[in-house]
Amino acid sequence: MKILLVEDEKALREALRDTLATCGYTVDCRENGEDALDALCTGGYDVALLDRMLPGMDGLDALREARRAGVRTPVLMLTALDAVGDRVAGLDAGADDYLAKPFATEELLARVRALSRRPAEWEAETRLVRGDVELRPDSRILTGPAGAHTLSQRECAMLELFLRNPGVTLSRERILLYVWGPESDVESGNIDNYIHLVRRRLRLVGSRMELVTRRGAGYLLEVAPC
Ligand code: CA
């Protein structure tokens, strides 16, 4: 999972970066609002941690601009201010959550986990159409040429991850992180079981898409042309 960390205070930035990296996240750092906006607009992050007070363009303006540009990455705003009005300003600018400094590392990690479980971008889309199937993540109904089936929660999460990343090889770590979360102690063999189940589901609904094993690299969903 990829996190954008925007913080101008060097010591805090480095401490947060190290903590997040230790927890298995990939972290990109930025130090000012302009660079934060550029990075957000790439859309390449699962979660962004955005300091409110930044040199130049502040965090609120950067976030407002990013939202205006259609960026839906979940954003946790970090701030030294903690008055109700400041919280409201942060949320109004498009933050998904708000954390006042100083904060406990555990609390920050819990918020990141919560945001990564339900990315705003993904929630907004209630119907995922790729190749010859349609998945409705809210009702977990998968529909294909041969009919519809209701998936279990994990099957749905796994297939959703692949449908969002067609043609991309997803590592076992990435699948584990998304389907089971960063702190799960799930056995690696469970991934294989669920890959097997998802393949069966795709066949059941008559899909021609294939979940392909890339030995040593992970799995990839091949979307057959309709
Ligand atoms: Ca600051």
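Two strands are taken to pair if DSSP finds at least two bridges between them, with helices (H or I, at least four residues) and strands (E, at least two) being DSSP runs numbered from the N terminus. The model is a predicted one, so local features need pLDDT of at least 70 and side-chain atom pairs count only at pLDDT 80 or more, while totals for chains, interfaces and linings use all residues. Residues are numbered from 1 along each chain as its sequence is written, and side-chain values use heavy atoms, with hydrogens and water left out.

On that pairing rule, strand 7 (residues 133–136) and strand 8 (residues 141–144) run antiparallel and are joined by three bridges. Arg 136 sits opposite Ile 141 of strand 8. Moving on to strand 9, four bridges tie it to strand 8, again in an antiparallel arrangement, and Leu 142 has His 149 of strand 9 as its bridge partner. The link from strand 8 to strand 9 is a hairpin through two residues.

These strands belong to an open sheet of four, ordered 6-7-8-9 and paired antiparallel. Its edges are strand 6 (128–130) and strand 9 (147–150), each of which pairs on one side only. On average, neighbouring strands of this sheet are turned by 15 degrees against each other, direction ignored; axes here are lines fitted to C-alpha atoms, for helices over the stretch in contact, and angles run from 0 to 180 degrees between N-to-C directions.

Helix 9 (residues 188–204) lies across strand 7, strand 8 and strand 9, and runs at about 150 degrees to strand 9. Helix 9 also meets helix 7 (residues 153–164): the two axes come within 10 Å and cross at roughly 80 degrees. The pair is therefore roughly perpendicular, the label for 65 to 115 degrees, where under 35 counts as roughly parallel, over 145 as roughly antiparallel and the rest as oblique. Contact (heavy atoms within 4.5 Å) involves, among others, Met 158, Leu 159 and Phe 162 of helix 7 and Ile 191, Tyr 194 and Ile 195 of helix 9.

Gly 33, Leu 37 and Leu 40 of helix 2 make the contact with Ala 62, Glu 65 and Ala 66 of helix 3.

Elsewhere, Val 47 is found in strand 3 (residues 47–51). Val 47 counts as buried because its relative accessibility is 0%; buried means under 20% relative accessible area, exposed over 50% and partly exposed in between (1.4 Å probe, protein chains only). Its C-alpha atom is separated by 5.1 Å from that of Ile 3, 44 residues apart along the chain. Leaving aside neighbours within four places in sequence, the contacts of Val 47 include Met 1, Leu 4, Pro 74, Val 112 and Leu 115.

Finally, there is a calcium ion. Its protein donors are Asp 8 (OD), Asp 51 (OD) and Met 53 (O), at 2.1 to 2.3 Å, and their spacing along the chain reads D-x42-D-x1-M. Donors are N, O and S atoms within 2.8 Å of the metal (3.2 Å for Na, K and Ca), and water is not among the atoms, so sites may look incomplete. Asp 51 is buried at 2% relative accessibility, whereas Met 53 is partly exposed at 47% relative accessible area.
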